[in-house]
Amino acid sequence: MEISQEIMDAINDQINFELYSGYIYLSMATWFEEKNLSGMAHWMEVQADEEYAHAIRFYRHIVERGGRVTMKAIEGPKTEWASAHDVFADAYKHELMVTERIYKIGDIADRLKDRSAQAMLQWFYNEQTEEEKNTMEIRDMLKMIGESMPALLQLDAKLGARPAAPAPPLESTAP
Ligand SMILES: [Fe+2]
Ligand SMILES: [Fe+2]
C-alpha cells in the first residue's frame, strides 16, 4: 500500500517529537551531572540514545515505503528542576504524552486500513508500556526516598548500571 500523505505527516511529526524527547532527556542528564548524581545522568543519557533510535525507526518506516522524511526545528527543552523526583515525575508525564501521540497515529492507520503502519506501530505500543513503567517506578522510588541522602545515592548507583541502548534498528519493524 502506498504511504498516504496523512500518515506520513503524522509520522514526520513524531520523528521530530522523538528527537525532542531525546533533547529533554539530555537536558535532564546534564542537570543530574551538575548535582553529582552521575548514575541518574547516565540513565538519562541512555534514554536519550533510545529516543534517537525511536526517531530512526519511524524514519525507516517512511523511507522503506518510498516516502519523504522532512526534518523540522526541535523545540528547546526545560532546563531546571526542583529535585530528582521532579525530573522523573516530568519524564513519566512526558512518556504518557508520547503514548497518547502514538495512539493517535494508530487511529489514523486504523481509519486508512494501513496494515503496514499498524505492524510498525505495534512495536511502539509495547515500548511505551515499558517506558511508562520505568519512569513511573523510578519516580515512585524517589518519592519514598524523600530527603534520605544514603537511599538517593544507592538508587543513583543502581541507575548507573543501566546497559547501553541498542543501536538504531536497520528495519522499522525489527524486534
Ligand atoms: Fe520514544
Ligand atoms: Fe520515550
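Let me start with Phe32, which in this predicted model touches Leu37, Met40, Ala41 and Met44, leaving aside residues up to four places away in sequence. Phe32 also belongs to the largest nonpolar core, a set of 42 residues. Within that core, the members that touch the most others are Met28, Phe32, Met40, Met44 and Phe88.

Which elements give two or more residues to this core? They are helix H1, residues 5-34, helix H2, residues 38-64, H3, H4, and helix H5, residues 149-159. H1 supplies the largest share, with 13 residues.

I turn now to the packing of H3 and H4. Helix H3 spans residues 84-111 and helix H4 spans residues 115-145. Their axes lie 9 Å apart, and the angle between the two helices is about 160°. Angles over 145 degrees count as roughly antiparallel, and H3 is therefore roughly antiparallel to H4. The crossing of H3 past H4 is left-handed. As for the composition of this contact, its residues comprise 16 nonpolar, six polar and five charged.

Finally, the loops. Most residues other than glycine have a negative phi. Asn36, in the loop between H1 and H2, has a positive phi near 60°. Lys113, in the loop between H3 and H4, likewise is not a glycine and has a positive phi, of about 50°.

Are these two residues buried or exposed? Asn36 counts as exposed because it has 10 C-beta neighbours inside 10 Å. Lys113 is exposed as well, with 9 other C-beta atoms within 10 Å; the cut-off for exposed is 12 or fewer.

Key: Residues are numbered from 1 along each chain as its sequence is written. Chains are lettered from A and ligands numbered from 1 in the order in which they are written. This is a predicted model: local features need pLDDT of at least 70, side-chain atom pairs count only at pLDDT 80 or more; totals for chains, interfaces and linings use all residues. Axes are lines fitted to C-alpha atoms, for helices over the stretch in contact, and angles run from 0 to 180 degrees between N-to-C directions. Helices (H or I, at least four residues) and strands (E, at least two) are DSSP runs, numbered from the N terminus. Angles under 35 degrees count as roughly parallel, over 145 as roughly antiparallel, 65 to 115 as roughly perpendicular and the rest as oblique. A crossing is left-handed if the near helix is turned anticlockwise from the far one by less than a right angle, and right-handed if clockwise. Ala, Val, Leu, Ile, Met, Phe, Trp, Tyr, Cys and Pro count as nonpolar, Asp, Glu, Lys and Arg as charged, and the others, Gly among them, as polar. A nonpolar core is a set of buried Ala, Val, Leu, Ile, Met, Phe, Trp, Tyr and Cys residues joined through C-beta atoms within 7 Å. A residue is buried if 20 or more other C-beta atoms lie within 10 Å of its own, exposed if 12 or fewer, and partly exposed in between; C-beta atoms are placed from the backbone. Two residues are in contact if their C-beta atoms, placed from the backbone, lie within 7 Å.
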